[in-house]
Amino acid sequence: MVKVIELDLPRIFSFTIIIQSGRTALRKLLPILLMAIALFTFTQPAWALKPDGQQIFNANCSACHIGGNNVIIANKTLRKEALEKYSMNSLEAIRTQVTNGKNAMPSFKGRLQDEEIEAVADYVLSQAEKGW
C-alpha cells in the first residue's frame with residue numbers, strides 16, 4: 001500500500017511525501033520533517049535580515065529631508081538635480097556623507113550600522129531617480 005501526503009508549509013515550500021506500507025518509513029522520516037519545519041519556522045532567512053532603507057530614512061533623516069527636501073539648507077535637497085550639482089549622486093558619496101556628516105548634517109557613524117547606511121544610500125538614490 002502506498003500513501004501520498006501533501007504538505008504545504010507557509011512561505012517556504014510545499015512538497016509531497018510518498019510513504020510505503022507500514023509505520024517504519026514514517027518513523028524514520030518524522031524526525032527529519034520536524035527538524036525541517038522547526039528550522040524554517042524559527043530562523044530568519046538571510047534575505048529577511050536586510051535593513052529597510054525607507055524605514056531607516058524615515059526614522060533618522062526625514063526630520064530634515066522629508067520628501068527629499070532640506071529644511072536646513074533649502075537648495076541642497078535630495079532631488080536628482082541637486083545630488084548631481086553637488087556631486088552626491090553616487091552610493092559612495094551618500095555613504096560618506098551619512099557616515100561622516102558635513103556642515104549642518106550630523107554623522108551617523110556609531111548610530112547606524114554599515115548595512116543600514118548602505119540601505120539609506122540606496123533608498124535616497126532610488127527615490128531621487130523617481131523624483132521623490
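This is a predicted model: local features need pLDDT of at least 70, side-chain atom pairs count only at pLDDT 80 or more; totals for chains, interfaces and linings use all residues.
1. Five helices each put at least two residues into the lining: H2 (53–60), H3 (62–65), H4 (80–85), H5 and H6. H5 gives the largest share, at 3 residues.

2. As for volume, the largest pocket holds about 620 Å³ of space. Its lining runs to 26 residues, and the closest to the pocket centre are His 65, Asn 70, Lys 76, Gln 97 and Met 105.

3. How do the axes of H5 and H6 cross? Helix H5 covers residues 91–100 and helix H6 covers 114–130; their axes come within 9 Å, with a crossing angle of roughly 125°. That angle is why H5 counts as oblique to H6. The hand of the H5–H6 crossing is right-handed.

4. Which residues make the H5–H6 contact? On the H5 side you'll find Leu 91, Ile 94, Arg 95, Val 98 and Thr 99. Facing them from H6 are Ile 117, Glu 118, Ala 121, Asp 122, Val 124 and Leu 125. Sorted by type, the residues of this contact come out as 7 nonpolar, 1 polar and 3 charged.

5. So much for the pieces; H5 is the one to keep on screen. H5 supplies the largest share of the pocket lining, and H5 also meets H6 through residues including Ile 94 and Val 98.

Notes:
Residues are numbered from 1 along each chain as its sequence is written. Side-chain values use heavy atoms; hydrogens and water are left out. Axes are lines fitted to C-alpha atoms, for helices over the stretch in contact, and angles run from 0 to 180 degrees between N-to-C directions. Helices (H or I, at least four residues) and strands (E, at least two) are DSSP runs, numbered from the N terminus. Angles under 35 degrees count as roughly parallel, over 145 as roughly antiparallel, 65 to 115 as roughly perpendicular and the rest as oblique. A crossing is left-handed if the near helix is turned anticlockwise from the far one by less than a right angle, and right-handed if clockwise. Contact means heavy atoms within 4.5 Å. Ala, Val, Leu, Ile, Met, Phe, Trp, Tyr, Cys and Pro count as nonpolar, Asp, Glu, Lys and Arg as charged, and the others, Gly among them, as polar. On a 1 Å grid over the protein atoms alone, a cavity is a set of points where a 1.4 Å probe fits but cannot get out, and a pocket is an open set with protein on both sides within 12 Å along at least five of seven lines; lining residues have an atom within 4 Å of a point. Grid points are joined across faces, edges and corners, and a volume is the space filled by probe spheres set on the points.
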